[in-house]
Amino acid sequence: MEQIVIFDTTLRDGEQSLKASLNTEAKLHIARALERLGVDYIEAGFPVSSPGDFQAVSAIASAVKGAGVCALARALDKDIDVAGEAIQRAERGRIHTFIATSPIHVEKKLRKDFQSVVDMACASIKRAARYTDDIEFSCEDAGRTPREHLFTIIEAAINAGATTINIPDTVGYTIPSEFGGIIADIRNQVPNIDRAVLSVHCHDDLGMSVANSIAAVEQGARQIEGTINGLGERAGNCALEEIVAILKTRQDQLPFRTNVKTEEIYYASKIIRQRCNVMVQPNKAIVGDNAFSHSSGIHQDGVLKSKNTYEILAPESIGIPSSHLHLTSRSGRHVIRHRLSELGYQDGQDYHLDDIYERFLVLADKKGSIYDYDLEALIFLPDHRGVGYELEQLNVISGSGSKPSATVCLQLNGKEYISAATGNGPVEAVFHAIDSISGIKMKLEDYHIHSQGAGRDALGQVNIVTSFDGRRFHGLSYSTDIVEGSAQAYLDALNTCMKAQHVSHVSRKAATGDTARSAEPSA
Ligand SMILES: CC(=O)SCCNC(=O)CCNC(=O)[C@H](O)C(C)(C)COP(=O)(O)OP(=O)(O)OC[C@H]1O[C@@H](n2cnc3c(N)ncnc32)[C@H](O)[C@@H]1OP(=O)(O)O
Ligand SMILES: CC(C)C(=O)C(=O)O
């Protein structure tokens with residue numbers, strides 16, 4: 001069976017769609033999950049875009065050994081040099097350079113003529129060869145590029161040294177028969193095409209990214225690019241978990257293999273949804289909550305008699321566990337580690353057992369029963385203990401007929417700070433009180449609460465996006481009390497912001513000259 005190269009761009013195209021960029025730690029966690037999954041390439045970022053992304057790509061290049069690590073670059077010397085430097089320590093480093101080829105992009109966006117675009121592509125590929133012999137070239141908006149232009153630039157790119165030629169349907173415009181036809185024509189008309197791997201990168205604007213990618217494979221594409229959970233610009237990219245599941249399930253029609261370990265799909269999907277702060281819709285194929293659940297009587301009856309009546313692939317083959325153990329504060333470390341490993345998480349890689357056990361006991365004493373989603377919450381719960389503001393105490397007064405008010409006591413480096421404030425609601429009052437302590441007035445860009453579980457004692461997951469000095473910060477918390485959870489999520493964003501800005505409580509207060517009456521240290 002022929003091999004299909006799986007190229008994951010969750011950390012690059014997927015990240016482009018997030019409300020707050022991922023930091024190096026989050027990118028590394030996702031990269032390790034992708035490595036475990038067995039993807040062939042991880043496109044780790046666009047290093048010229050920011051020092052933070054350069055650092056993240058370099059860290060992934062050093063850490064990841066089981067997959068090639070790729071950096072994106074425009075067809076510009078500066079971009080290529082920065083990308084080359086970022087992948088320097090990778091065992092298999094790839095530079096992916098691109099330039100738009102469709103008339104609308106060439107004329108309106110780049111404001112160039114087509115020949116200049118060909119020249120820029122060739123010059124950037126030659127420059128990339130200073131750093132690696134693994135060079136991918138993409139004709140951005142290939143789906144709307146005249147065939148003759150595609151043939152010309154692809155032939156030139158291969159002659160310049162490109163080893164993978166990627167055909168993106170950048171705006172998700174084509175339909176499967178049309179996109180398959182483009183791939184077939186490239187294979188038939190470009191004389192040197194056998195010297196490169198033909199790749200596709202489809203977007204989902206019309207919901208056809210997966211179908212287009214499969215049509216392309218049928219016509220000779222041998223690399224598929226996409227993201228886990230289908231994250232990506234606008235409506236997203238081709239969902240790689242769907243591609244891999246299709247190739248596994250329909251080998252009768254599609255005799256191809258991949259290096260992906262399908263049992264790792266669910267784990268990777270969960271790491272990515274949590275780290276990226278983007279949940280997946282319940283009816284999402286393969287990884288949605290309902291993908292393997294049967295709700296109507298006739299279906300349930302069928303599945304009880306024979307699973308394959310309504311299941312075309314086994315949930316276990318995607319890594320979805322089915323067993324259940326009852327966890328309470330009387331449970332010990334072994335069962336916690338056992339359950340977490342059934343859920344795909346590994347001690348040392350995703351969590352530290354002693355640390356999570358300590359927090360498990362606190363939560364179990366509070367809640368009674370602990371469910372899988374509680375354990376997962378403990379893994380992703382940010383831990384700023386000892387390195388930022390910690391919530392000591394919170395009192396809120398709220399009700400009809402009175403202005404909500406909050407008194408907040410925070411601790412930083414062993415000192416306590418107390419402040420009281422009012423707001424239009426209890427959460428706003430809490431945020432105001434925290435602002436007056438820190439002296440940093442972050443702008444709230446996004447705030448939502450999501451229930452983890454169904455019962456009255458379910459944990460509330462609070463996700464916050466704030467901005468300060470033009471940068472965005474993500475805050476996350478899980479709590480049985482949503483006002484306290486909101487305070488914790490806000491503090492998470494604040495601590496990340498302070499780390500990014502290199503400000504301490506004292507320096508920020510001095511710099512801003514903030515004299516908020518309620519922000520005096522009490523100790
Ligand atoms: C289809 C895709 O997904 S492509 C990847 C898109 N990803 C991103 O854009 C995320 C990261 N981007 C960034 O951080 C910034 O946009 C940067 C660092 C790349 C560039 O920032 P700036 O220099 O401020 O430029 P800005 O983004 O405003 O405009 C893009 C410029 O790049 C040019 N450009 C766009 N694509 C290419 C290309 N492939 N090769 C060369 N130049 C290009 C545009 O024509 C424009 O040039 P101009 O300034 O001469 O008009
Ligand atoms: C850089 C290219 C591959 C891209 O992301 C697109 O065209 O969508």
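1. Let's start with one pair: Cys409 sits opposite Ile418 in β13. Strands here are DSSP runs of E, at least two residues long, and helices are runs of H or I of at least four, all numbered from the N terminus. As for strand pairing, DSSP has to find at least two bridges between the two.

2. A word on the source: this is a predicted model, where local features need pLDDT of at least 70 and side-chain atom pairs 80 or more, while totals for chains, interfaces and linings use all residues. Residues count from 1 along each chain as its sequence is written, with chains lettered from A and ligands numbered from 1 in the order written.

3. Now the sheet. β12 (residues 405-412) and β13 are joined by 8 bridges in the antiparallel sense. The open sheet has 3 strands, ordered β11-β12-β13, with antiparallel pairing. At the edges are β11 (390-397) and β13 (415-422), each pairing on one side only. From one strand to the next the twist averages 15°.

4. Helix α16 (residues 426-438) packs on this sheet and touches β11, β12 and β13; contact means C-beta atoms, placed from the backbone, within 7 Å. The direction of α16 makes about 40° with that of β12. Axes are fitted to C-alpha atoms, for helices over the stretch in contact, with angles from 0 to 180 degrees between N-to-C directions.

5. Zooming out, the protein chain has 18 helices and 16 strands. Its C-alpha atoms fill a box of roughly 75 × 65 × 45 Å along the principal axes.

Note on methods: Contact = placed C-beta atoms within 7 Å.
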